[in-house]
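Please take a look at the sequence and the model shown here.

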Amino acid sequence: MNEYLNVIRNNYANFTGRARRREYWMFTLINSVILILLQIPVQGAVIAMAAQNEADTAPSAGLTGVTLIFLILLVVYSLAVMVPSIAVTVRRLHDTGKSGWWYLLNLIPLGSLVILVFMVLDSEPGSNKWGPNPKGVNGGAPSSAQNW
């Protein structure tokens with residue numbers, strides 16, 4: 001949770017520097033859980049409306065007030081985390097020794113698979129042109145399991 005809050009509070013639009021795998025994946029995990037929880041009521045309402053259309057019954061509930069509130073929260077949250085999500089991905093690319101422009105691979109078919117591989121790669125040992133290693137390792141293999 002600390003990594004998620006660190007990305008939101010301290011690195012909201014920070015596209016410089018490097019991000020460890022832990023920071024990237026914890027942000028991605030918590031962000032995904034929040035998005036799924038906000039989407040459940042909206043998807044339930046959409047499925048209910050589709051079932052009513054299929055049964056040719058009079059529409060009853062549809063998009064109720066609670067569903068609209070969750071829909072608005074989902075849209076606002078999605079827009080609010082768009083910039084930090086791109087920023088943490090760019091900093092993670094920097095950590096693997098790649099330019100942030102590699103993020104544009106997401107725009108072509110199968111390009112997101114290449115980005116996924118880059119996100120899984122280990123940090124480039126030592127300093128690179130985007131800054132020092134966030135693990136604090138100057139070169140070689142890390143000394144303990146806490147540096148994942």
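Student: Which element of the chain has the highest mean pLDDT?
Tutor: This is a predicted model, and the chain averages a pLDDT of 85, with 85% of the residues scoring at least 70. Among the elements, helix α2 (residues 21–54) has the lowest mean, 87, whereas the highest, 94, belongs to helix α4.

Student: Is Ala 87 buried or exposed?
Tutor: Ala 87 is found in helix α4, and, leaving aside its neighbours within four places in sequence, it is in contact with Asn 11, Tyr 12, Ala 13, Asn 14 and Phe 15. Since buried means under 20% relative accessible area, the 0% relative accessibility of Ala 87 makes this residue buried.

Student: Where on helix α1 do the buried residues lie?
Tutor: In helix α1 (residues 2–9), the buried residues are Glu 3, Tyr 4 and Val 7. Seen down the axis of α1, these residues fall within an arc of 105 degrees, so they line one face of the helix.

Student: Which helix gives the most to the lining of the largest pocket?
Tutor: The largest pocket holds about 170 Å³ of space and is lined by 14 residues, with Tyr 24, Thr 28, Ser 85, Thr 89 and Tyr 103 nearest its centre. By class, the lining has seven nonpolar, seven polar and no charged residues. Helices α2, α4 and α5 each supply at least two lining residues, and the helix that gives the most, with five residues, is α2.

Methods:
Residues numbered from 1 in each chain as written. Predicted model: local features only at pLDDT ≥ 70, side-chain atom pairs only at ≥ 80, totals over all residues. Heavy atoms only, no water. pLDDT = per-residue confidence, 0-100. Helix = DSSP H or I, 4+ residues; strand = E, 2+ residues; numbered from the N terminus. Buried < 20%, exposed > 50% of the residue type's maximum accessible area, 1.4 Å probe, protein only. Contact = heavy atoms within 4.5 Å. Arc of directions from axis to C-beta. 1 Å grid on protein atoms, 1.4 Å probe; cavity = no way out; pocket = protein on both sides within 12 Å on 5 of 7 lines; lining within 4 Å. Points joined across faces, edges and corners; volume = space filled by probe spheres on them. Nonpolar A, V, L, I, M, F, W, Y, C, P; charged D, E, K, R; others polar.
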